[in-house]
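Subject: Structure for your review

Dear colleague,

Please find below the structure that I am handing over to you. My findings follow it, and I would be grateful if you read them with the model open.

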Amino acid sequence: MPRRIRLKQFAISAFAGIVFATQTAPLHALAADDPTGMKPDEVERFCANIADAARDRRYALQAMELEKLKGEVDERIAALEEKRADYEGWLERRNDFLAQAEAGIVEIYSSMRPDAAAERLAEVRVELAAAILMKLEPRTAGIILNEMNSKSAATLTTIIASAARPEDPT
């Protein structure tokens with residue numbers, strides 16, 4: 001076996017033995033029992049020499065772990081950004097559809113006979129009925145309100161008036 005390999009093996013086994021043995025005995029006691037014949041100052045020098053390398057290796061391992069974690073966080077951020085873009089696209093399509101449907105509903109109610117429109121609006125949610133009436137031409141909305149029973153017309157008029165108010169007076 002070449003001398004260089006034997007020295008490396010000795011250094012590794014000595015380091016492992018020192019690390020294990022230092023938990024139970026001081027370095028000078030280890031050097032006295034050492035079968036390799038190392039003097040206490042050599043053991044201390046050896047430990048001092050490899051301390052920097054061990055610390056550097058620990059730092060390198062920590063840096064690699066941090067880089068790995070950073071990569072995982074970046075992947076998660078990218079996935080979240082992709083989801084956010086999907087949701088924004090879906091929301092935009094939904095809003096476009098609602099705007100088109102709203103325009104279609106207003107057109108439908110404006111072309112209905114006033115008595116039929118009044119009857120239908122009395123059956124839908126009050127907020128929706130008020131929104132539809134607000135989008136109709138004032139003359140058409142007035143005719144439809146005229147065809148409704150007085151209680152429904154009053155409720156819708158109150159909602160429309162409060163929506164038209166620029167700010168809450170209270």
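**The crossing of α4 and α6**

Helices α4 and α6 are roughly perpendicular to each other, because their angle of about 70° falls within the range of 65 to 115 degrees that is given this name. Please bear in mind that this is a predicted model. Helix α4 covers residues 114-123 and helix α6 covers residues 138-147, and their axes lie 8 Å apart where they pack. The crossing of the two helices is right-handed. On the α4 side, the contact is made by Pro114, Asp115, Ala117, Ala118 and Leu121. On the α6 side, Ile143, Ile144 and Glu147 take part.

Ala116 also belongs to helix α4. Its relative accessibility is 12%, and Ala116 therefore counts as buried, the limit being under 20%.

**Helix α5**

Which residues of helix α5 are buried? In this helix, which spans residues 126-135, they are Ala129, Ala130, Ile132 and Leu133. These four cover an arc of only 160° around the axis, so they sit on the same side of α5. As background, an α-helix has 3.6 residues a turn, so residues three or four places apart point the same way.

Ala131 is placed in helix α5 too. With a relative accessibility of 38%, Ala131 counts as partly exposed, because this value lies between the limits of 20% and 50%. Ala131 and Ile160 are 29 residues apart along the chain, and their C-alpha atoms are separated by 7.7 Å.

**The chain as a whole**

The chain has seven helices and zero strands. Along the sequence this gives the pattern α-α-α-α-α-α-α. The chain holds 170 residues, of which 14% count as buried.

**Confidence in the model**

The mean pLDDT of the chain is 79, and 72% of the residues reach 70 or more. Over residues 18-25, however, the pLDDT is below 50. This stretch has nine contacts in the model beyond near neighbours in sequence. Where pLDDT is low, the predicted coordinates should not be read in detail.

Yours sincerely,

A colleague

Note on methods: Residues are numbered from 1 along each chain as its sequence is written. This is a predicted model: local features need pLDDT of at least 70, side-chain atom pairs count only at pLDDT 80 or more; totals for chains, interfaces and linings use all residues. Side-chain values use heavy atoms; hydrogens and water are left out. Buried means under 20% relative accessible area, exposed over 50%, partly exposed in between (1.4 Å probe, protein chains only). The arc is that of the directions from the helix axis to the C-beta atoms. pLDDT is the predictor's confidence in each residue, from 0 to 100. Contact means heavy atoms within 4.5 Å. Axes are lines fitted to C-alpha atoms, for helices over the stretch in contact, and angles run from 0 to 180 degrees between N-to-C directions. Angles under 35 degrees count as roughly parallel, over 145 as roughly antiparallel, 65 to 115 as roughly perpendicular and the rest as oblique. A crossing is left-handed if the near helix is turned anticlockwise from the far one by less than a right angle, and right-handed if clockwise.
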